Amino acid sequence: MPPRKQTTLLDVYRARDFKLTREQARRLVYLLKLTEERPASSATTEPKRDTAA
């Protein structure tokens, strides 16, 4: 089975024929890049414990 294409928020806007201004599109792309670069949420990992005490 071929891998599924990742759908971005920008893809959803385009599919729904939502018109973005150039500034809105620029901000959306910036936010999407931040999301892609951000490491996985630490909420799913166990917090580190201070064992020095």
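1. Accessible area is the surface that the Shrake-Rupley method finds with a 1.4 Å probe. The structure under review is a predicted model, and the protein exposes about 5800 Å² of such surface. Carbon and sulfur atoms supply 55% of this area.

2. The secondary structure consists of two helices and zero strands. Helix α1 covers residues 9-15 and helix α2 covers residues 22-37, with a loop between them. Of the 53 residues of the protein, 4% count as buried.

3. L10 deserves attention in helix α1. Its relative accessible area is 14%; because buried means under 20%, L10 is classed as buried. Neighbours within four places in sequence aside, L10 is in contact with L20, L28, V29 and L32.

4. The loop between α1 and α2 contains D17. The phi angle of D17 is near 55°, which is a positive value in a residue other than glycine. Is D17 buried or exposed? Its relative accessibility is 53%, and the cut-off for exposed is over 50%, so D17 counts as exposed.

5. A further point concerns the surface. Y30, L31 and L34 make a nonpolar patch of about 310 Å² there. Of these residues, Y30 belongs to helix α2.

Technical notes: Residues are numbered from 1 along each chain as its sequence is written. This is a predicted model: local features need pLDDT of at least 70, side-chain atom pairs count only at pLDDT 80 or more; totals for chains, interfaces and linings use all residues. Side-chain values use heavy atoms; hydrogens and water are left out. Helices (H or I, at least four residues) and strands (E, at least two) are DSSP runs, numbered from the N terminus. Buried means under 20% relative accessible area, exposed over 50%, partly exposed in between (1.4 Å probe, protein chains only). Patches are made of residues with over 30% relative accessible area and no salt bridge: like charges are joined within 9 Å, nonpolar side chains (Val, Leu, Ile, Met, Phe, Trp, Tyr) within 5 Å. A salt bridge is a side-chain nitrogen of Lys or Arg within 4 Å of a carboxyl oxygen of Asp or Glu. Contact means heavy atoms within 4.5 Å.
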